[in-house]
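Hello,

Here is the structure you are taking over. Please open it beside this email and follow along.

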Amino acid sequence: MKTIAWNDILKLPDGALAGERRVPKTQLAEQAKLAKASATSIKLLDKVRDVRFFASLNKSNSRILPVKDDAYGIESVIFLTCGLNSTTGIAEALRMVHGCFPNPTVILAEGFANSGNAVSAALRRKSFAEHGSFVTEKIYSSGPFKAESPEYAPYLERLSFATLPQTTLLDYLVALGDRTLLARSVKALGFYPVCKDADAGLLMGHVKEMNALTSKINELKDAKKSKDATLADTTKLRVEMRKLERQRESVMDEIKEICR
């Protein structure tokens, strides 16, 4: 069930909107096979309830220039709405959907984790190994969030079309992706980080470091819960976790200082 009016947030040009027609899952599976995805990976599509074609942003409806060179063949940025059947394996399922399209895609996901939402953007480039094929260069994910939460309001405001670069489609997608990556830090920081333009690169570096430390801490927590972990193992893991947590707190202090 649709829970959010996405274009009230994105404010894409009317000419870019596609009417949210359904993309058959059989078509996605076929595209995944053509991209040589494994049967196990294709099975991830079972976690997807439905995919709809929300919008296609291109030169004709936005005046934003395409990028066609040795690395990229970006003639449009595709926006998809995606309903989900599961609360687990979401990142892998969305990666599978991204891989079904040659152009960069922005997935607007909803319908999981107590009516949560997520945004996932993928930059696609030409394959160096196989002529005519495309591979995913980078995925920018917000992680799950509730669109009505006030902490995420600054992030959603920064997804508005008018606030994003309109030089090339690559610039537009990367800026949207970077803003989406920053949204991953809201749960740890308690706020969406915003800084002066001059400090944007420094902020992004700190946020990436914080997210990496959080991932390592979560891995250690899982290992600590393992039935096979001995007392010596859990003691060692606890010491390592505290070390990483102190490092993360130091990075968070740097982020807060930049965002003052």
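Arg 63 is exposed, as its relative accessible area is 76%. On this scale, buried means under 20% relative accessible area, exposed means over 50%, and partly exposed lies in between, with a 1.4 Å probe and protein chains only. You will find Arg 63 in the loop between α4 (59-62) and β3 (67-68). Helices (H or I, at least four residues) and strands (E, at least two) are DSSP runs, numbered from the N terminus. The phi angle of Arg 63 is near 70 degrees, a positive value in a residue other than glycine.

Before going further, note that this is a predicted model, in which local features need pLDDT of at least 70 and side-chain atom pairs count only at pLDDT 80 or more, while totals for chains, interfaces and linings use all residues. Residues are numbered from 1 along each chain as its sequence is written, and side-chain values use heavy atoms, with hydrogens and water left out.

Lys 11 also has a positive phi in a residue other than glycine, here near 50 degrees. Lys 11 sits in the loop between α1 (6-10) and β1 (17-23). Its relative accessibility is 48%, so Lys 11 counts as partly exposed.

Now the chain as a whole. It contains 10 helices and eight strands. Its radius of gyration (taken over C-alpha atoms) is 20 Å, close to the 18 Å that the globule rule gives for 260 residues, so the chain is as compact as a globular protein of that length. The globule rule is 2.2 Å times the number of residues to the power 0.38. The C-alpha trace spans about 60 × 45 × 40 Å along its principal axes. Of the 260 residues, 46% are buried. Among contacts (heavy atoms within 4.5 Å) with a separation of 6 or more, 67% are between residues 24 or more positions apart.

Strand β5 (residues 76-84) is largely enclosed by the rest of the structure, because nine of its nine residues are buried. Ser 76, Ile 78, Leu 80, Cys 82 and Leu 84 point one way from β5, Val 77, Phe 79, Thr 81 and Gly 83 point the other way, and all are buried. β5 pairs with strand β2 (residues 48-58) in the antiparallel sense over nine bridges; two strands pair if DSSP finds at least two bridges between them. Asn 58 stands opposite Ser 76 in β5.

How many disulfides are there? The count comes to zero, a disulfide being a pair of cysteine sulfur atoms within 2.5 Å. For Cys 82, the nearest cysteine sulfur is that of Cys 100, 11 Å away. Cys 82 is buried, with a relative accessible area of 2%. For Cys 195, the nearest cysteine sulfur belongs to Cys 259, 5.7 Å away.

Helix α7 (residues 169-183) has 15 residues and reaches 21 Å from its first C-alpha to its last, close to the 21 Å expected at 1.5 Å a residue. The expected span is 1.5 Å times one less than the number of residues. α7 is mostly covered, with 11 of its 15 residues buried, including Leu 169, Tyr 172 and Ala 183.

Last, look at Glu 110 in strand β6 (residues 105-112). Glu 110 is buried, with a relative accessible area of 5%. Its side chain is joined to that of Trp 6 by a polar contact of 3.0 Å. A polar contact is a pair of N or O atoms within 3.5 Å; within protein, one must be able to donate a hydrogen and the other to accept it, and residues adjacent in sequence count only if both atoms are side-chain atoms.

Regards
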